[in-house]
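Here is a short briefing for a first look at this structure. Keep the view open as you read.

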Amino acid sequence: MSKLLPLLLLTSSLTAATVQPPPPTYVCQRATGDITIDGKGDELCWQQAMALSPLRDIEGSNIAHATDIRMLWDNQYLYVLADMKEQHLWATLTERDSVIYHDPDFEVFIDSEGSGNNYIELEINALNTVWDLFLTAPYRSSHHALHDWNIPGLKHAVHLRGTLNNASDTDEGWSVELAIPWSSITAHSNQPRHTAPPAPGSTLRMNFSRVNWQVSPDASSACGYRKQQDTQGHPLPESNHVWAPTGIINIHYPEFWGYVRLSDKAAGSGYEGMVAPATDSAQRRLYALFNEQLRHKALHGTYSSALQASQVENLYISPERFIIGTTATDGTRLTLDNNGKLSCSAPAAPRPPLYLWVQGGKQEGNTPWWQQHFARLAEIGIHAVIIGGSHAQIAHLTPIAAEHGLQVYAWLWALNRPQDSTVLQHPDWHAVNREGKSCHAAPNRPYVEYYQFLCPGHNEVREYLLQQIDKLAAIPGLSGIQLDYMRLPDVILPRGLWGKYGLVMDREWPQFDYCYCERCRQAFRAGSGRDIAPAAEQDKDWHLFRLQQVAHLANVLCERIRRHHLKAACAVFPTPHISSSLVRQNWALFNLDLALPMTYHNFYQENLHWIAQCTRQAAAQSDRRIPLAPGLHLPDMTAETLRETLEMLRPCSPSGIGLFCDDDLTPELEQELRRRRQATPSP
């Protein structure tokens with residue numbers, strides 16, 4: 001909403017804003033046919049389009065109101081469809097460029113440059129009345145908003161499921177359908193010649209808002225309702241439900257908006273994951289200090305040379321001007337001036353962000369030790385930590401890591417649940433091998449006692465794992481949840497481990513082949529119309545059935561993770577083909593936001609070049625839908641081989657690099673990572 005609030009008010013609550021979790025992301029796929037803008041969204045491609053993560057209160061809390069938003073694009077338009085449940089449909093404003101948020105409305109914000117300046121705002125109410133405006137800068141920096149600016153070629157329509165302005169009945173809701181021409185997005189008033197659509201892979205910063213008011217029936221009102229009032233007779237505050245919360249009741253903080261990547265894949269081609277770029281946390285560090293400087297000037301009339309922020313440099317400071325800068329974990333150099341102009345100087349081949357697995361069970365309750373540990377990890381260029389341990393340990397460590405600018409993923413063991421007292425009370429939850437032996441009994445567990453695997457097809461197992469996700473998701477400050485052991489036991493071990501267990505695994509041995517529980521057998525029989533073949537290891541349908549069982553459960557868990565506004569990540573075997581053969585895990589079927597393939601070369605008796613080879617194969621086998629962060633086994637790395645491997649992976653353009661784990665991060669490896677971060681990017 002476009003509110004001209006005083007600068008001091010806008011900046012007085014910035015402490016809350018600066019601790020917001022990373023912005024949401026969305027991959028916008030291509031429209032597959034003509035779209036009629038009638039507000040209904042009944043074309044097939046709309047049904048195939050992916051939904052955005054749910055809206056939240058603008059200050060960050062979850063909400064009950066349901067809003068389904070989807071996007072598509074083609075060479076002419078960016079399409080938006082929003083479906084909103086609502087029991088009371090009302091609207092009053094019919095003149096274009098009225099202050100539409102005085103009615104219940106739906107709002108779209110588009111920053112095509114990603115600069116935080118020069119962005120479009122579009123508001124629409126249930127009468128299909130629009131207010132479109134162009135802002136050269138957010139209100140905190142100036143009041144240069146072009147309120148009478150129109151979007152040439154805009155198509156918009158509203159569909160009502162109920163009766164408008166009639167309080168005598170209960171309505172179902174309304175939907176908005178928009179076609180916004182690229183010629184108005186990329187060729188706005190400051191860039192009139194940029195008329196071509198963005199290239200596939202381009203990223204926009206966007207946000208969406210839904211404004212609602214508390215109303216009561218009022219027959220004397222033209223719309224049949226009146227806004228509820230406080231004791232002084234003022235309307236009660238409106239609700240602001242947004243896609244990317246800013247932490248304060250003001251949406252005009254573009255550094256908190258979400259990221260939308262334009263895909264060249266057609267709608268319906270499968271879920272595509274995306275993580276926020278490595279520059280995001282660095283950019284928000286700059287804006288945190290920027291906002292503090294604005295607040296200081298509002299109070300004292302000048303900018304301050306005394307204001308500092310972690311990992312941010314005051315490059316130039318005077319009473320009237322400042323320039324601040326920082327370096328992102330991928331080597332990108334960012335600067336921001338007092339006018340809010342953000343500049344980025346990216347390295348020729350960006351360094352992917354680093355994800356580090358952290359064992360949270362050590363130094364129990366030793367907060368000072370963990371503060372120093374996370375500060376050191378941030379200093380050497382770690383982007384995110386994947387914290388394992390008990391719920392209490394993860395809850396304790398998450399805010400400490402976040403204080404040092406680290407994203408935090410909770411590390412959740414899924415189908416392998418050793419020493420879980422609840423799971424041990426349910427023998428029927430456990431996976432069963434071809435010999436009929438269950439993982440519930442310790443003597444029957446394959447390879448090691450902690451391999452206490454569960455059946456992926458058991459409904460109670462699914463519900464139990466969903467409960468674990470809900471519990472973790474309640475921890476403030478999490479960026480995501482990383483699933484581990486999202487598979488069945490190794491039917492064939494990597495060759496490098498054969499000698500460790502005294503095995504020759506040149507075939508699928510019955511004692512290592514799972515899940516043959518009666519529940520899975522019956523489900524296969526019902527779906528295929530037959531029993532498992534006597535030579536079960538050669539039964540391709542039975543093999544596929546178990547792959548699909550695991551993938552279905554993984555996608556149910558990932559969807560629940562995203563419903564909590566968190567990223568769904570998973571540690572997986574090196575490629576989908578390898579994992580399908582070794583552990584009944586075809587992760588190409590998983591709807592992930594980030595996959596961390598465990599490309600531990602020594603396990604497979606391979607050299608370092610195999611890691612890059614696997615990364616390229618994994619991208620191809622997963623149809624490049626899933627961001628990849630290949631994992632390195634630090635005990636197998638020296639400083640020299642780590643440097644060589646990181647350089648080999650850069651041409652593969654991974655979305656990150658996984659490092660296992662912090663216990664094995666030697667001083668020599670730390671020094672190499674420090675050197676990597678401090679190295680001047682190649683021209």
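How many nonpolar, polar and charged residues are in the lining of the largest cavity? There are three nonpolar, five polar and two charged residues. The model is predicted. The points below cover its cavities, its cores and its salt bridges.

**Cavities**
- The count is four cavities of 30 Å³ or more.
- The largest cavity has a volume of about 60 Å³.
- Its lining consists of S281, R285, Q311, T329, A378, I382, H404, G405, L406 and R677.
- I382 also belongs to the largest nonpolar core, where it is among the residues with the most contacts.
- H404 and L406, both in the cavity lining, are in contact with F374.

**Nonpolar cores**
- The largest nonpolar core has 119 residues.
- F374, L377, I382, V385, M486 and L659 have the most contacts inside this core.
- Helix α12, residues 540–563, gives the most to it, with nine residues.
- A second, separate core has 44 residues, including M71, L122, A126 and W243.
- Which residues is F374 in contact with, leaving aside its neighbours within four places in sequence? They are V385, I387, L397, I400, A401, H404 and L406.

**Salt bridges: R210 and E86**
- The model has 34 salt bridges.
- In one of them, the side chains of R210 and E86 meet at 3.3 Å, N to O.
- R210 lies in strand β11 (residues 203–212) and E86 in the loop between β4 (77–85) and β5 (105–111), so the pair ties together parts 124 residues apart in sequence.
- R210 has 2% relative accessibility, so it counts as buried.
- E86 also counts as buried, because its relative accessibility is 14%.

**Salt bridges: E320 and K297**
- The side chains of E320 and K297 meet at 3.2 Å, N to O.
- This pair links distant parts of the chain, 23 residues apart.
- E320 is in the loop between β16 (313–317) and β17 (322–327), while K297 is in helix α5 (residues 279–300).
- Are these two residues buried or partly exposed? E320 is partly exposed at 48% relative accessibility, and K297 is partly exposed at 26%.

- E508 and R584 form a salt bridge at 3.0 Å, N to O.
- The pair links distant parts of the chain, 76 residues apart.
- E508 sits in the loop between α10 (498–501) and α11 (518–528). R584 sits in the loop between α13 (576–583) and β25 (594–597).
- R584 is buried, with a relative accessible area of 1%.
- Both residues belong to a network of salt bridges that links R434, E508, D513, E537, R546 and R584.

Conventions. Residues numbered from 1 in each chain as written. Predicted model: local features only at pLDDT ≥ 70, side-chain atom pairs only at ≥ 80, totals over all residues. Heavy atoms only, no water. Core = buried A, V, L, I, M, F, W, Y, C linked by side-chain atoms within 4.5 Å. Buried < 20%, exposed > 50% of the residue type's maximum accessible area, 1.4 Å probe, protein only. Helix = DSSP H or I, 4+ residues; strand = E, 2+ residues; numbered from the N terminus. Contact = heavy atoms within 4.5 Å. 1 Å grid on protein atoms, 1.4 Å probe; cavity = no way out; pocket = protein on both sides within 12 Å on 5 of 7 lines; lining within 4 Å. Points joined across faces, edges and corners; volume = space filled by probe spheres on them. Nonpolar A, V, L, I, M, F, W, Y, C, P; charged D, E, K, R; others polar. Salt bridge = Lys/Arg side-chain N within 4 Å of Asp/Glu carboxyl O.
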